[in-house]
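Me: I've got a model open and I'd like a close look at one part of it. Could you start with the overall picture and then zoom in?

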Amino acid sequence: MPELPEVQALAAFLDERLTGRAFASLRVAAISALKTFDPPLASLEGERIEAVRRHGKFVDLDTGGLHLVFHLARAGWLRWYDAVPTTPVKPGRSPLALRVRFDDDSGFDLTEAGTKKSLAVYVVRSVDEVPGIARLGPDPTADDFTLDDFARILEGRRTQIKGVLRDQSVFAGIGNAYSDEILHAAKLSPYLLAAKLDPAQLEGLYRAMRDTLAEAVAVASGRPPAELKDAKRRAMRVHGRNGETCEVCGDTIRQVVFADSTFQYCPGCQTGGKPLADRLRSRLVK
């Protein structure tokens, strides 16, 4: 799933190429991806883009009166074309969800792999009309997001810190991968309750969050969409590296499996050498 750093890079890539360009055509291949009907998708045709912005994991193409907003979800991606293919867009089993063409014939496809279709496209007059944007918490990379802000948010939360970091209503843009990386950098167990963090752990987690995201944004910056996934994978220290050796302490990276997701961590760095219980596998063994 693309998260804050990759979505920021996508927004910057599109902003550089599309600001000042006008929508020429928008064709839907997966009607389930389009979450709004008023204004209609066709109302964007002829509208000129003023800016492309990121809101959490959402990309916003802003025309000054209307917004084309999309969220790539778990398996979605953007494929850029300097010249959009002229083949007709047809609904079917193709991964194609939406094709957008601009007045210079450049454009992009939004695609989604797999059978679980969660990619979402909105046409709205205000970005606050998108439910996922309306409920977003603060951007953890914002210049004015301080340690005091972070402490106030976590105060009294008797929820595992892994889940808190991933909650978009708490922090906008962090998902499964970067929450793994942040907790590894902070040397904290994913199961630790947010309210149980002592002042040193709290500051360490804040610094780890800011530094991890800043480094990831720097890695993604300036890359075209086709390179972002591989760049993200190469930069991961624990996420997606189950069974590999931790480059920090030399322990073996492990994972916990849930019904529809997994996360990875290093016992040596994060849990005092103790493996965490894998709840799904524990149930299967019984």
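Among contacts in the protein between residues at least 6 apart in sequence, what share joins residues at least 24 apart? After that, please take me through strand 3 and the strands it pairs with.

Reply: On your first point, the share is 64%: that is how much of the contacts between residues at least 6 apart join residues at least 24 apart. The mean pLDDT is 94, and 97% of the residues reach 70 or more. The exception to watch is residues 280-286, where pLDDT is below 50 and the stretch has five contacts beyond near neighbours in sequence. Where pLDDT is low, the predicted coordinates should not be read in detail.

Along the principal axes, the C-alpha atoms fill a box of roughly 60 × 40 × 30 Å.

Now the close-up. Strand 3 covers residues 58-62, and five of the five are buried, so the strand is largely enclosed by the rest of the structure. You can see this on both faces: Phe58, Asp60 and Asp62 sit on one side, Val59 and Leu61 on the other, and all are buried.

One partner is strand 2 (residues 51-55), which pairs with strand 3 in the antiparallel sense over five bridges. In that pairing, Ala51 stands opposite Asp62. The two strands make a hairpin with two residues between them, and Gly56 in the turn has a positive phi of about 60°.

Strand 4 is another partner, again antiparallel and joined to strand 3 by five bridges. Here Asp60 faces Val69 of strand 4. This is a hairpin too, with four residues between the strands, and Gly64 in its turn has a positive phi of about 95°.

If you follow strand 4 (residues 67-71), you get to His71. His71 counts as buried because its relative accessibility is 17%, the cut-off being under 20%. The His71 side chain reaches the backbone nitrogen of Ala73 at 2.9 Å. Leaving aside neighbours within four places in sequence, His71 is in contact with Lys57, Phe58, Leu119 and Ala120. Phe58 in that list brings you back to strand 3, where Phe58 is one of the buried residues.

Key. Residues are numbered from 1 along each chain as its sequence is written. This is a predicted model: local features need pLDDT of at least 70, side-chain atom pairs count only at pLDDT 80 or more; totals for chains, interfaces and linings use all residues. Side-chain values use heavy atoms; hydrogens and water are left out. Buried means under 20% relative accessible area, exposed over 50%, partly exposed in between (1.4 Å probe, protein chains only). A polar contact is a pair of N or O atoms within 3.5 Å; within protein, one must be able to donate a hydrogen and the other to accept it, and residues adjacent in sequence count only if both atoms are side-chain atoms. Contact means heavy atoms within 4.5 Å. pLDDT is the predictor's confidence in each residue, from 0 to 100. Two strands pair if DSSP finds at least two bridges between them.
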